[in-house]
There are 2 protein chains.
Amino acid sequence: MLLNCPMPQLDFDMITLGHGSGGILTNKLLASGVFELLKNPLLDTHHDGAVFELSGRLAFSTDSYVISPIFFPGGNIGELAINGTVNDLAMCGAMPRYLSLSFIIEEGLTMTEFWEILVSIKAATQRAGVQIVTGDTKVVEKGKGDKIFINTSGVGQVHPQAQISLQHVKPGDKIILSNNIATHGVAIMSVREGLDFETDIVSDTVNLNEAVKHILDEFGAHIHLLRDPTRGGVATVLNEIARDSHLGINLWQRNIPVLDDVAGACELLGLDPLYVANEGVFIAIVAADVADDVVELLRQYSFCGRAAVVGEVVAQHPRQVVLTSSIGGKRVVNMLVGEQLPRIC
Amino acid sequence: MLLNCPMPQLDFDMITLGHGSGGILTNKLLASGVFELLKNPLLDTHHDGAVFELSGRLAFSTDSYVISPIFFPGGNIGELAINGTVNDLAMCGAMPRYLSLSFIIEEGLTMTEFWEILVSIKAATQRAGVQIVTGDTKVVEKGKGDKIFINTSGVGQVHPQAQISLQHVKPGDKIILSNNIATHGVAIMSVREGLDFETDIVSDTVNLNEAVKHILDEFGAHIHLLRDPTRGGVATVLNEIARDSHLGINLWQRNIPVLDDVAGACELLGLDPLYVANEGVFIAIVAADVADDVVELLRQYSFCGRAAVVGEVVAQHPRQVVLTSSIGGKRVVNMLVGEQLPRIC
């Protein structure tokens, strides 16, 4: 979605410490177009927080985004921060409603960069159907931050049919991946200093809430667990699930969707795609008898075009994830050890 | 409150990039005692977010804390981050319930420092009666952050009798300050590089939610507006209220409580206490006929011992704050211009 939101005429072209003072400059920065761009009745109260009516089972999530670089193939830190928290809420089986938005800006960020991030934030909130209702802006000295860090927190209503819980995961359940893995991580690596390589791979950052709501509408309590495998990748998240559920997980490599370019880049870089960070991908653990139908439904969404059943939950080898390779060998897949690439989200 | 929470034995003494990987090291850091220290049934689900039942009018607020130094006279960034968001919710007339906690750590922060911050967070949540239910930990390279930044966001239930709104502010309303102003800002300045001076002044960071609940219990809809004058100080917040309400505000300097030491330090530094940041202070705008009773009630709390009526809302000079000085002169008080002291909260 392209938004036509030209930057307003301003008498400053970069953000300085004074813009974080809470005084005239902060007010000026917010009045420069920030409030106007993100406007909605709740944000417009300009209070220390937002007040709204909401009832029932609510989900609440937070994430700070420190991705570097802040502009990357396929997106920027602004939309990533919206999609990321929208998706964390969706993984709780919730329909995201209200988001907070908090900036930590390093002085010297240009207003052009800040505006581009804001416009992406606006577009991402529209796609996800959420509102920014409260926020905060801090500025730190040059060399005490890195251009911009963004925290978003969010509140949503849990889907009435959702019964998402580790306790519902049981042997026989199928493990679904919603789309190709490792795309986001490889896209970021391709523009990292010292690592940069030519590729057309772009981040898959996207809001997943609509697709998640759809499978909950259709399959309700048959959806046992949802997780998005961001930092640490699919391997780490599945290990956490195996550890916490005291169950085993079998993975079938041949079913795991990876774009050819991404697989090629991983091979070049010596990386296993199972450990590479994702953004627009989720793992669903579902009752075996609905698994194929869930996959079919998901594939209606362009960003889930390669959804597939990639494994199953088993009573054997509790707490272990075992991969059957494409040529039939088996190996234990552990959590990510150390750091693959810092600041991937 | 002193908590007896000795740091667990660990095989690492500082935080490294790997602790932000999302993989084994992140899990190890959280399992090292962090989850145990902050434990509660909601946090213990270890999901991407927390799910709870809550109904009615809710308040939602966020703040990122970038204070420098992270340990200061009277507190540290941990309790500040809890108290700050608790207080923002209280200013909405809400009773804070659930908080999120998100760290951006610069690699090299020692585990001892991190643990001390965590223990302060724990103690502050206990004092305020709130729970940390969801969180996030990111680590950035040396020189890309400044020891630790903390975001807290929070959700609370609006007090059933609360009718806090700028629209309820009207001429004749009294303006109450809950305690001495400028204490926090001066305490931080006293330990700032290049500025440090000898003093016993300590930050007044404290949770205000109990006192706020008490005045809402007693005076309900007679409490028209609540704001905490943090960055930009009392002058800036009152200017925002005057601007947004299209009303005038009269302030009486002789009634404004300031500790002698703080007043002396301000004089030395050439600062007006009205612009200095506060933490444990709030402004209440209340119906005239309850003002004295509100003050009396507030003074029961040690941290509101010098609560006072310091001004009134008037129809004259709309959008302007006018101070009557101790010797009877009048002057217009504007918003904070520029930056008094960066990173005060």
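Predicted model: local features only at pLDDT ≥ 70, side-chain atom pairs only at ≥ 80, totals over all residues.
Biologist: Now the sheets. What holds the strands of a sheet together?

Modeller: The general idea is that strands pair through backbone hydrogen bonds, either parallel or antiparallel. Here, take the open sheet of 8 strands, whose order is β5(A)-β4(A)-β6(A)-β1(A)-β1(B)-β6(B)-β4(B)-β5(B). Its pairing is mixed, and strands of both chains contribute to the sheet.

Biologist: Which strands are at the edges of that sheet?

Modeller: β5 (131-140) of chain A and β5 of chain B, each of which pairs on one side only. From one strand to the next, the twist averages 25 degrees. Helix α3 (residues 111-128) of chain B packs on this sheet, where it touches β4 (94-106), β5 and β6 of chain B. The direction of the helix makes about 175 degrees with that of β4(B).

Biologist: I would like to follow one strand closely. What does β6 of chain A pair with?

Modeller: Look to each side of it. Strand β1 (residues 50-65) of chain A pairs with β6 (residues 148-158) of chain A in the antiparallel sense, over 8 bridges. Along that pairing, L58(A) has Q157(A) as its bridge partner, and Y65(A) stands opposite I150(A). Strand β4 (residues 94-106) of chain A also pairs with β6(A) in the antiparallel sense, over 11 bridges. There, I105(A) stands opposite I148(A).

Biologist: Is β6(A) enclosed or exposed?

Modeller: It is largely enclosed by the rest of the structure, because 10 of its 11 residues are buried.

Biologist: What about the sheet of 7 strands in chain B?

Modeller: That one is open too, with mixed pairing, and its order is β8-β10-β7-β11-β9-β12-β13. The edge strands are β8 (223-227) and β13 (330-333) of chain B, each pairing on one side only. Its twist averages 25 degrees from one strand to the next. Within this chain, β7 (residues 174-177) and β11 (residues 308-314) run antiparallel and are joined by 4 bridges. K174(B) stands opposite E312(B) in β11(B).

Biologist: On to the backbone. Where should I look for cis peptide bonds?

Modeller: The bond from S68(A) to P69(A) is cis, with omega near 0 degrees, and P69(A) is in the loop between β1 and β2 (71-72) of chain A. A cis peptide bond also joins S68(B) and P69(B), with omega about 0 degrees. P69(B) is in the loop between β1 (50-65) and β2 (71-72) of chain B.

Biologist: And what is phi for R343(A) and R319(B)?

Modeller: R343(A) has phi near 55 degrees, a positive value in a residue other than glycine. R343(A) is found in the segment after β13 (330-333) of chain A and is buried, with a relative accessible area of 5%. For R319(B), phi is near 70 degrees, again positive in a residue other than glycine. R319(B) is in the loop between β11 and β12 (321-324) of chain B and is partly exposed, at 44% relative accessible area.

Biologist: Which residues is D146(B) in contact with?

Modeller: Leaving aside neighbours within four places in sequence, D146(B) is in contact with K144(A), S68(B), E106(B) and R343(B). With R343(B), the side chains of the two residues make a polar contact at 3.0 Å. S68(B), another of these contacts, is the residue joined to P69(B) by the cis bond.

Definitions and conventions. Residues numbered from 1 in each chain as written. Chains lettered and ligands numbered in written order. Heavy atoms only, no water. Polar contact = N/O pair within 3.5 Å; in protein donor to acceptor, adjacent residues only side chain to side chain. Contact = heavy atoms within 4.5 Å. Pairing = 2+ DSSP bridges. Helix = DSSP H or I, 4+ residues; strand = E, 2+ residues; numbered from the N terminus. Axes fitted to C-alpha atoms, helices over the stretch in contact; angles between N-to-C directions. Buried < 20%, exposed > 50% of the residue type's maximum accessible area, 1.4 Å probe, protein only.
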